Amino acid sequence: MAKEIKRINVALQGGGSHGAFAWGTLNRLLEDDRIVISAISGTSVGAINGAVLIDGYTKDGKPGAIKALNHFWREISIRESFNLMGRTPLEKLGDGWNLDNSIGYKTIEYLTSLFSPYTFNPLNYNPFRDLVAEILSVENVQACSLIQFFTTATRVYNGQPRVFKCDEITVDVLMASACLPQYFQAVEIDGEPYWDGGYMGNPSLWPLIYQSSSPDILLVQINPVWRKETPKSPIEINNRLNEISFNSSLIAEMRAIDFVSKLLKQGRVDPEHYKDIHMHMIQKPEEMHNLNASSKFNCEWDFLCYLRDLGYEATDKWLKTSFHKIGVECSTQIYETFLKK
């Protein structure tokens, strides 16, 4: 009996080194010969994950994509020794994976609270850009016809999102999508400055809705929507503000998807003009609950592998319980997950 092949779109959130969680998710999806990825929409590190996957896929199919992702994250960890926010051996003895007690992290945070990147980094040095330019063949991403790719950056002038398609992808576009304005100067594309896409699309779902034939979207969530505790310390408050700001656009899109779905079920809109989207989600597991914003700058290999394994296991569990729902219905309840008061 032939295996049932199902096509899905993948939406990848940004979140610094927490993108290694999505690395694990992508590895598990690529290993499954029942799954075909139709399109990817990614922001910040989600965009880098997506571009690296497509580059590797163009070279050698699914095995090439897995190899490319592994190489990318390994290179990030190797260059950790040059990371000013990295921890000393003594600092690694406490505080789990967070960098709150790292002198390097505290120093950078202090500098960014007083000076803009135009002052403390006038040459606009960005080692992450050098890494992406070195390992990624953007020509492969631009030319890929098997997997559609979209990434979002935020227009500085008017605060609106701009979605870039496959044939528009450059290293500068990827850096624009990942440009945190506290740390890096705005990235100029065609004379216009851009900041991190997470402010206006983390990630953008509408390109997957309008430009992909598959009605299924798998969201790999890095920034939790819900937290039960009231943040009280400066670190906790900063962490929660970070999560809220980088989820706001996603929640708005989820509200629209849920609204249209209800109208379709009630027969109040024409199904010829509106698509019933099947939402699926790989959620940030409980083990990541105590990881705050500082840990997103932690690029230690053990930490990246830890996150990768969590993503892989969560995706494996989702495939076992929800594969049959792909192409049929949602496996996550949008209202309960994103909109319930």
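Predicted model: local features only at pLDDT ≥ 70, side-chain atom pairs only at ≥ 80, totals over all residues.
**Stop 1: the cavity**

Select Leu29, Leu30, Ile35, Val36, Ile37, Tyr57, Lys62 and Ile147, which line the largest cavity. Its volume is about 50 Å³. By class, the lining has seven nonpolar residues, no polar ones and one charged residue. Now colour helix H1 (19-31), strand S2 (35-42) and helix H2 (45-78); each supplies at least two lining residues. S2 gives the most, with three residues.

**Stop 2: helix H2**

Stay with H2 and show its trace. H2 has 34 residues, yet its end C-alpha atoms are only 17 Å apart. A straight helix would reach 50 Å at 1.5 Å a residue. Where does H2 bend? Select Asp60: the helix bends there by about 140°.

**Stop 3: aromatic rings**

A search of the whole structure finds ten aromatic pairs. Select Trp23 and Trp73. Their ring centres are 5.9 Å apart and their planes are at 10°, so this pair is stacked. The pair links distant parts of the chain, with Trp23 in helix H1 and Trp73 in helix H2, 50 residues apart. Are these two residues buried or exposed? Trp23 has 0% relative accessibility and counts as buried. Trp73, at 1%, counts as buried too.

Move to Phe72 and Phe128. This aromatic pair is tilted, at 6.3 Å centre to centre and 55° between the planes. Phe72 lies in helix H2 and Phe128 in helix H5 (residues 127-135), so the pair ties together parts that are 56 residues apart in sequence. Phe72 is buried, at 0% relative accessibility. Phe128 is partly exposed, with a relative accessible area of 25%.

Ring pairs link Trp23, Phe72, Trp73, Phe128 and Trp301 into a cluster.

**Stop 4: a pocket**

Finish at the second largest pocket, with a volume of about 720 Å³. How many residues line this pocket? There are 23, and Gln221, Gln283, Lys284, Pro285 and Glu286 lie nearest its centre. Colour strand S8 (278-282), helix H11 (301-322) and helix H12 (334-339), the elements that give two or more residues to this lining. H11 contributes the largest share, four residues. By class, the pocket lining has nine nonpolar, seven polar and seven charged residues.

Technical notes. Residues numbered from 1 in each chain as written. Heavy atoms only, no water. 1 Å grid on protein atoms, 1.4 Å probe; cavity = no way out; pocket = protein on both sides within 12 Å on 5 of 7 lines; lining within 4 Å. Points joined across faces, edges and corners; volume = space filled by probe spheres on them. Nonpolar A, V, L, I, M, F, W, Y, C, P; charged D, E, K, R; others polar. Expected span 1.5 Å × (residues − 1). Bend = angle between axes of the 7 residues up to and from the residue. Phe/Tyr/Trp six-rings, centres within 6.5 Å; stacked < 30°, edge-to-face > 60°. Buried < 20%, exposed > 50% of the residue type's maximum accessible area, 1.4 Å probe, protein only.
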